[in-house]
Amino acid sequence: MKKIEIAVEPAYNVFIGENILDKTGELLTASKPGVSSVYIITDDNVSALYLQRVKDSLTMFKTFQYILPHGEGSKSGVSLLKIVESMAKNQICRDDVIIALGGGVVGDIAGFAAAVYLRGIDYVQVPTTFLSAIDSSVGGKTAVNLTAGKNLMGAFKQPLCVIFDPLTLNTLSDKVFADGTAEAIKYAVLKSPSLFETLSKTSRDSLMNIISDIVSECVCIKGDIVSRDEFDRGERQLLNLGHTIGHAIEKCSNYEISHGHAIATGMAIMINGASKLALTSNIDIKRQIFSLLEKYFFKTTCEFSTDEIYNAVLSDKKRHSQNINIILPTQIGQCEIRKITLETMKDIIREGNFKNG
């Protein structure tokens, strides 16, 4: 079992190991002695696969469960209120713990419930997707979506610990697994030429053979950034590479395009548009990134118009009045935060999306 410390205050551990799903109760007890009740939040897909195994590890606790319908539609204020009403009905108290068992939707809404219920109780992330293991389960960003856009209501709430069993990825479809691959590519572009090379040389079918190493590297990259900028005031914004346009694509598709696939396309449109507008001086970086995205069959364009994407971008939480921060790669393993006008953002979208440019 690997253990990675996330050096925020208080610090917490990310545990990675095969079959540690069966040690959830043991790891929870080690992280917080004296817990009496555990409230598990999951979805209908994950519950059928892993809920009983987790409950079997929690025999020392009184357990409750809340099962959401799977999908982005459950990450809403309506679902949040139902969860916290259920927690109150079952008399969950401040000494108790929420377990978020599932992917990013479950992790985000469970974390937000932990942040607001009784003004804050502890929660444990138990990610079961590649995407949530390397990204959303670590760092303490929690949120639900509003009609206007993604993740517009949320709070910073670090988990008590993160427990990841790589064997849970064996039950993912190719499409869901690819969501995580897109985020791994993001981390490689941001901070790791060696990971970029590994992803370039490894087939999709072979990724599972080295998945623990990939997850560990991505978690270390994110943990390192979060430890220096927990509340997203500076360096942590680098983690938004591809996300401004990606979130807009998700919203335009009514979330039928999943997060990782949208982020991959958003990254491509951003890099292509910035290159065409000479906002980056590295003429080779677009080719390198496009080549890797296409290797894993990600789309580098989308069907939405410039105006559709731009109007969705206007609701992005990274917008500041008439400006917005974007993330531009300068070379593989190095990116910069660039403040641009909204007009320039629209130009990037227009030039970056081949179907509209």
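The structure holds 2 aromatic pairs, where rings of Phe, Tyr and Trp (its six-membered ring) pair if their centres lie within 6.5 Å, and planes under 30 degrees apart count as stacked, over 60 as edge-to-face and the rest as tilted. This is a predicted model, in which local features need pLDDT of at least 70 and side-chain atom pairs count only at pLDDT 80 or more, while totals for chains, interfaces and linings use all residues. Residues are numbered from 1 along each chain as its sequence is written, and side-chain values use heavy atoms, with hydrogens and water left out.

| Pair | Ring centres apart | Angle of planes | Kind |
|---|---|---|---|
| Phenylalanine 130 and phenylalanine 177 | 4.9 Å | 35° | tilted |
| Phenylalanine 156 and phenylalanine 231 | 5.2 Å | 85° | edge-to-face |

Phenylalanine 130 lies in helix 5 (residues 130-136) and phenylalanine 177 in helix 6, so the pair ties together parts that are 47 residues apart in sequence; helices (H or I, at least four residues) and strands (E, at least two) are DSSP runs, numbered from the N terminus. Phenylalanine 130 is buried, at a relative accessible area of 1%, and phenylalanine 177 is also buried, at 1%, where buried means under 20% relative accessible area, exposed over 50%, and partly exposed in between (1.4 Å probe, protein chains only). In the pair of phenylalanine 156 and phenylalanine 231, by contrast, phenylalanine 156 is partly exposed at 36%, and phenylalanine 231 is partly exposed at 38%.

Phenylalanine 130 also belongs to the largest nonpolar core, which has 53 residues, and is among those with the most contacts inside it, together with Ile185, Leu199, Val215 and Ile289. Such a core is a set of buried Ala, Val, Leu, Ile, Met, Phe, Trp, Tyr and Cys residues joined through side-chain atoms within 4.5 Å. Helix 6 gives the largest share of this core, 9 residues. A second, separate core of 23 residues includes Tyr39, Tyr66, Ile83 and Ala113.

Helix 6 (residues 174-191) also holds glutamate 183. Is this residue's side chain buried or exposed? Glutamate 183 is buried, with a relative accessible area of 0%, and a polar contact of 3.2 Å joins its side chain to that of histidine 243. A polar contact is a pair of N or O atoms within 3.5 Å; within protein, one must be able to donate a hydrogen and the other to accept it, and residues adjacent in sequence count only if both atoms are side-chain atoms.
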